Amino acid sequence: MNYCTNNCNSVSGSRTGSGYPKLIGYTGETLIPNYHAPQGYEIISSPQPNITVDATGTQIIQVNVSHKITQSAETLTKTRTINIHLPNATEKTYRQVAVIKRNVAVDQVTGSKTYGPWHNNSWDAMDIPIIEGYTANQTVLLLKRLQPRRRMKPLISFMFKTDNTRLLLSLE
């Protein structure tokens, strides 16, 4: 059997020989081949279901194959910590987790990978609590879209001051 790709380049190790499929029969006998694509390949068209042995004894069955492509996914998880420093010297901490994902196609013959676009996620917006007599340095934390290659600030702090003092913003 000769397994070949779309331009009929023979796949390495696909011809009949020691350890490879070999059909043995008598002239005029009809045989049913047992097809197995070489590792990393898949059969792309229906090969002939049977073969009648002729007098040459060297018939080659051509089987069309292509590289098998498997799909997987790659994910990145990003966490942002929000610290709210309350006027009573306590702190509330919130953690927001976002996962971004992309598909990856892997060629099972060459091992090469083709990456799809990232499917973005975001950290949610958050309202900062209102405390009578105090003002936060920011009243809302906006929704933030994640970019896979961009460095994001993983820690954000909010401070409260009495209404008659200057506001302080601290981004770490």
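# A tour of the strands and cores

Start by selecting Tyr 41, which lies in strand S3. Strands here are DSSP runs of E with at least two residues, helices are runs of H or I with at least four, and both are numbered from the N terminus. The model is predicted, so local features need pLDDT of at least 70 and side-chain atom pairs count only at pLDDT 80 or more, while totals for chains, interfaces and linings use all residues. Residues are numbered from 1 along each chain as its sequence is written, and side-chain values use heavy atoms, with hydrogens and water left out.

**Stop 1**

Tyr 41 counts as buried because its relative accessibility is 16%. Buried means under 20% relative accessible area, exposed means over 50%, and partly exposed lies in between, with a 1.4 Å probe and protein chains only. Now display the contacts of Tyr 41, where contact means heavy atoms within 4.5 Å. With neighbours within four places in sequence left aside, the partners are Thr 5, Val 11, Val 65, Ser 66, His 67, Lys 68 and Val 109. For a distance label, pick the C-alpha atoms of Tyr 41 and Ile 69: the two residues are 28 apart along the chain and the atoms are separated by 8.5 Å.

**Stop 2: the sheet that holds S3**

Select S1, S5 and S3 in that order; they form an open sheet of three strands with mixed pairing. Two strands pair if DSSP finds at least two bridges between them. Strand S1 (2–4) and strand S3 (41–43) each have a single partner strand and stand at the edges, so one side of each has no neighbour in the sheet. From one strand to the next, the twist averages 40°; the axes are lines fitted to C-alpha atoms, and angles run from 0 to 180 degrees between N-to-C directions. S3 and strand S5 (residues 62–67) run antiparallel and are joined by three bridges. Zoom in on Ile 43 to find Val 65 of S5 opposite.

**Stop 3: the nonpolar cores**

Next, show side chains for Met 1, Tyr 3, Val 11, Leu 31, Tyr 35, Tyr 41, Ile 51, Val 53, Ile 61, Val 63 and Val 65, the 11 residues of the largest nonpolar core. A second, separate core has 10 residues, including Ile 84, Ile 128, Ala 136 and Leu 141. A nonpolar core is a set of buried Ala, Val, Leu, Ile, Met, Phe, Trp, Tyr and Cys residues joined through side-chain atoms within 4.5 Å.

**Stop 4: around S14**

Ala 136 leads on to strand S14, where Phe 160 stands opposite Ala 136. Strand S11 (residues 134–136) pairs with S14 in the antiparallel sense over three bridges. Strand S6 (residues 69–85) pairs with strand S14 (residues 155–162) in the parallel sense, over five bridges. To see one of these bridges, select Asn 83 and its partner in S14, Ser 157.

**Stop 5**

Select Ala 89 in the loop between S6 and S7. Most residues other than glycine have a negative phi. Ala 89, although not a glycine, has a positive phi of about 75°. Is Ala 89 buried or exposed? Ala 89 counts as exposed because its relative accessibility is 73%.

**Stop 6**

Continue to Val 106, in strand S7 (residues 91–107). Val 106 is buried, with a relative accessible area of 16%. Its contacts beyond four places in sequence are Lys 68, Ile 69, Thr 70, Ser 72, Gly 111, Ser 112 and Lys 113.

Then select Ser 122, in strand S9 (residues 122–123). Ser 122 is buried at 14% relative accessible area and, outside four places in sequence, touches Ala 98, Leu 143, Lys 144, Arg 145 and Leu 146.

**Stop 7: the whole chain, coloured by pLDDT**

Zoom out: the protein chain has 15 strands and zero helices, and 28% of its 172 residues count as buried. pLDDT is the predictor's confidence in each residue, from 0 to 100. The chain mean is 81, and 85% of the residues reach 70 or more. Confidence is highest in strand S8 (residues 113–115), at 97, and lowest in strand S15 (residues 169–171), at a mean of 49. Over residues 15–19 the pLDDT is below 50, and this stretch has eight contacts beyond near neighbours in sequence.
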